[in-house]
Amino acid sequence: MRTYAELPGLMTQLTGDEKHEPSATSTLDVLWVLYDQVLRVSPDTVGDPGRDRFLLSKGHGPAAYYAVLAAKEFFPESWLPDFGSASSPLGYHPDRSLVPGVEIASGSLGHGLPIAVGVAHGLLARGLGKARVYVLVGDAELDEGSNSEAIVYAGAVGLPNLTVVAIDNQSSTYGWGPGGIEAHFAVSGWSAVRVSGRDHEALASAFRVTGAGAGSAAAGPQLVVATVESKE
Amino acid sequence: MTDMRTVFAETASALLDEDPLAAVVLAEISADMFGKAAARHPDRVLNVGIREQLMVSVGGGLALAGMRPIVHTYAPFLVERAYEQVKLDLGHQDAHAVLVSIGASYDGSRMGRTHQAPEDVALLDSVPGFSVVVPGHPAEVEAMLRGAVGALDDGSTYMRLSTGVNREARSVSASLQVVRSGRRAVVVAVGPLLSPVLDAVADLDVTVAYATTVRPFDASGLRALEAGSGAVVLVEPYLAGTSSHAVAAALTSRPHRLLSLGVPRAELRRYGTPAEHAAFHGLDAAGIRRSVTGFLGLTS
């Protein structure tokens, strides 16, 4: 198993770049904390019905995602340098049918969260409510109206096994106004917390507070907003 | 007679009782018909409100969690409004669901263009892995729905319910069924257009074959029936020409002529009854007869 410090080297294998712009790494710390400390899923349990699910909704810029999955040995590191080639399973947007551990194929924005609502319902219906569904969205991705359908509905029915982590790099042209993204979710009944998207301890704590089995008072779905540097 | 929609709701409710992995996803439409089922299975009858994108995505998510989802609303909102969700959250994810629509083509003749989607089968036809079934009678609905749900391990199905019905039900088959035989042409009647077709060609020397499964199209069945007349008439209750390419592919190696009847592309911009719309579109018995006799060079 690789360490966090080795992730930039894995990303270099993917992109060929020695240095990584903040936009390429906006999701890196969140992904690492999830796979290192939070998600109950491993290369051996990717087919386990009761596994936790991580859905990368914001599918573009997947280098950090692939680096973390390789670091956690979901697929061999030897796949990385061939990124985007005709013979590589790793494309500019991930495909669940090509990459072990990838739960959804994404790329078009605004699909991951609505799908996650269905996965969460399905797990509850199957008596697998201890498994949790985590879905990563970008702040600009929330522009897509399909997210609003899911946010209002999931809050109204109080889906208890759903966590959205929104990477906020302030890239939405019109933003979310006073109160930010979390106000948009909270008004629909979500619990919401904002932490630094670079602070591993704070991220882990935010996920833990809201995670299943933590005895959380919050019965409904939860939002973790992870603030990272602006793209500008 | 119980209508297709009612048979669908009763059958889906029974499936919920029988199969712990079955689920129904709704967007308000028909929610009242699932009241009892929802009371028995609150975790598997999901009404997401007037949110059709979410409805289809939830169907995809349920499938990814190992469930067998049935997703249902009016055709334009199920297929057109949520088309990218059908393409990506079902098709591209390789997540399987049974989509069941009501309001076929001009069933909603009085409601105007917003509630009409004769393009539905053409759109679904472009998503890999979808079967398309078009019942012609309420008594055919139960077997079709059970078959579609039973086939979810293999793929998704679009089931197209209509208020238009044939006089009699037929046994449900994925193959073309010969209703009567003749020599001048093979007329393929899809779903609820069988009765008008039979009326239209009653005294003509043509074969009439009944199709309820239109995707995959029964190519070998058509080849067996076509048998040298070289003339095929396709009568579909949705966009004209939707299955022309399937007929052309089935008969690639044979010289043939094809007449494709269905709902034209042009907007009608009229209200009135479904029967009136059928006549406007040339899909009533008189209109079909006009087209077929013209195609075969007969005097009507």
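Hi everyone, let's start at one residue: B:Glu28 touches B:Asn47, B:Gly49 and B:Ile50, leaving aside residues up to four places away in sequence. Touching, or being in contact, means that the C-beta atoms, placed from the backbone, lie within 7 Å.

Before going on, a word on the model. It is a predicted one, where local features need pLDDT of at least 70, side-chain atom pairs count only at pLDDT 80 or more, and totals for chains, interfaces and linings use all residues. Residues are numbered from 1 along each chain as its sequence is written, while chains are lettered from A and ligands numbered from 1 in the order in which they are written.

Back to B:Glu28. You'll find B:Glu28 in the loop between strand S1 (22-26) and helix H2 (35-40) of chain B. Helices (H or I, at least four residues) and strands (E, at least two) are DSSP runs, numbered from the N terminus.

Five strands form an open sheet in the order S7-S9-S8-S11-S12, with mixed pairing. To pair, two strands need at least two bridges found by DSSP. Strands S7 (177-180) and S12 (257-263) of chain B stand at the edges with a single partner strand each, so one side of each has no neighbour in the sheet. From one strand to the next, the twist averages 25°.

Look at S8 (186-190) and S11 (231-239) of chain B: they pair in the parallel sense over four bridges. B:Val187 has B:Val233 as its bridge partner in S11(B).

Next, the largest nonpolar core. Such a core is a set of buried Ala, Val, Leu, Ile, Met, Phe, Trp, Tyr and Cys residues joined through C-beta atoms within 7 Å. Of its 168 residues, A:Val117, B:Val187, B:Val188, B:Val197 and B:Val235 touch the most other members. Helix H3 (63-71) of chain A gives the most to this core, nine residues. B:Val197 touches B:Val187, B:Ala189, B:Val208, B:Val235 and B:Ile288, again not counting residues up to four places away in sequence.

Finally, how many residues does each chain bring to the contact? Chain A brings 23 and chain B brings 25. On the side of chain A that touches chain B, helices H4 (112-125) and H5 (145-157) of chain A each supply at least two residues.

How values were computed: Contact = placed C-beta atoms within 7 Å. Buried ≥ 20, exposed ≤ 12 C-beta atoms within 10 Å, placed from the backbone. Axes fitted to C-alpha atoms, helices over the stretch in contact; angles between N-to-C directions.
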